[in-house]
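Good morning, colleagues. Please look at the structure on the screen while I take you through a few of its features.

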Amino acid sequence: RLRSLLGNSQRLDGGAMFGNAPKALWSRWITPDDRNRIPLACRCLLVEVGGRRILLETGIGAFFDPEIRDRYGVVEAEHVLLASLAALGLTHEDIDVVVLSHLHFDHAGGLLSAWEFGVAPRLLFPRATYVVGDEAWERATTPHARDRASFVPELNALLAASGRLEVVAGDRSATLGDGFRFHRSEGHTPGLLLTEIAAPQGPLVFAADLIPGAPWVHLPITMGYDRFPERLIEEKDALLTDLEGRGGWLFFTHDAEIAAARVARDARGRFFAADGVASLG
């Protein structure tokens with residue numbers, strides 16, 4: 001069973017999110033506010049299979065103090081993902097596996113408890129095995145100056161000390177087993193893991209920051225946060241071509257309106273998000 005879960009939402013600068021695309025173009029897709037920010041989700045995917053609950057990402061969470069929360073446009077002060085789990089009758093203690101595409105704070109910050117004055121954040125999901133790619137782990141351990149601020153300094157130490165960390169070197173995880181495999185991408189950050197799930201409606205890929213939402217399915221559209229936009233476009237082209245040929249779907253973590261969509265091409269051969277749905281499950 002696949003269920004989409006909302007975490008804390010953000011509002012970030014639209015120009016940064018759309019790279020070199022002009023505002024006259026991207027504002028047709030998402031309307032900015034008076035600070036030029038656009039709404040973004042931090043959506044997670046809960047997979048229930050074989051008696052296990054597997055959570056793909058945890059969103060940004062609520063670990064920032066109020067000043068930093070405002071700087072990064074985090075809307076809610078409470079830990080929204082925990083509330084989303086509670087709405088299903090679950091807690092973070094019911095999760096068996098957490099898969100992280102990479103360790104930027106808007107994808108992994110939800111691993112931490114909500115901010116409290118004078119209290120150090122603690123690691124949540126105490127029964128879960130945490131799965132992360134080897135290159136992503138190395139990047140978080142020794143970040144580049146360009147993206148150092150995107151990581152949570154104390155998170156790596158907490159994950160390593162948990163004794164429940166699997167650092168994946170290939171396209172499969174011993175923890176996840178059959179039914180899951182990884183695509184890898186380097187354009188946004190080293191070793192970005194894109195989890196593919198064998199689903200009844202066709203393969204579903206958690207697109208993470210390779211394709212953060214439906215507008216970014218269009219090949220030329222990249223983010224200002226990407227390391228190598230041209231390489232990212234090539235990786236996106238390869239993935240979309242593969243999925244379109246197999247009747248595949250994308251799961252969007254940052255799209256404020258669409259949780260998942262089928263990969264399709266229009267009459268001119270351009271990729272687009274078809275049959276979009278607002279939620280799964």
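This is a predicted model: local features need pLDDT of at least 70, side-chain atom pairs count only at pLDDT 80 or more; totals for chains, interfaces and linings use all residues.

Setting aside neighbours within four places in sequence, Glu 186 is in contact with Glu 135, Gly 191, Arg 227, Phe 228, Arg 231 and Glu 235. Glu 186 lies in the loop between S9 and S10. Although Glu 186 is buried, it has no salt bridge. The nearest side chain of opposite charge belongs to Arg 227, at 4.2 Å, and a salt bridge would require a side-chain nitrogen within 4 Å of a carboxyl oxygen.

Let us turn to helix H8. Which residues of H8 are buried? They are Leu 232, Glu 235, Lys 236, Leu 239, Leu 240 and Leu 243. Viewed down the axis of H8, these buried residues fall within an arc of 130°, so they line one face of the helix. The face turned away from that buried side carries the exposed residues Glu 230, Glu 234 and Gly 245. The elements covering the buried residues of H8 include strands S9, S10, S11, S12, S13 and S14. Just after H8, Gly 247 takes a positive phi of about 70°.

Finally, the nonpolar cores. The largest has 51 residues, of which Phe 18, Leu 45, Ile 211 and Leu 250 touch the most other members. A second, separate core of 34 residues includes Ile 60, Phe 125, Phe 151 and Leu 155. In soluble globular proteins, nonpolar side chains tend to be buried together.

Terms used. Residues are numbered from 1 along each chain as its sequence is written. Side-chain values use heavy atoms; hydrogens and water are left out. Buried means under 20% relative accessible area, exposed over 50%, partly exposed in between (1.4 Å probe, protein chains only). Helices (H or I, at least four residues) and strands (E, at least two) are DSSP runs, numbered from the N terminus. The arc is that of the directions from the helix axis to the C-beta atoms. Contact means heavy atoms within 4.5 Å. Lys and Arg count as positive and Asp and Glu as negative; His and the chain ends are not counted. A nonpolar core is a set of buried Ala, Val, Leu, Ile, Met, Phe, Trp, Tyr and Cys residues joined through side-chain atoms within 4.5 Å.
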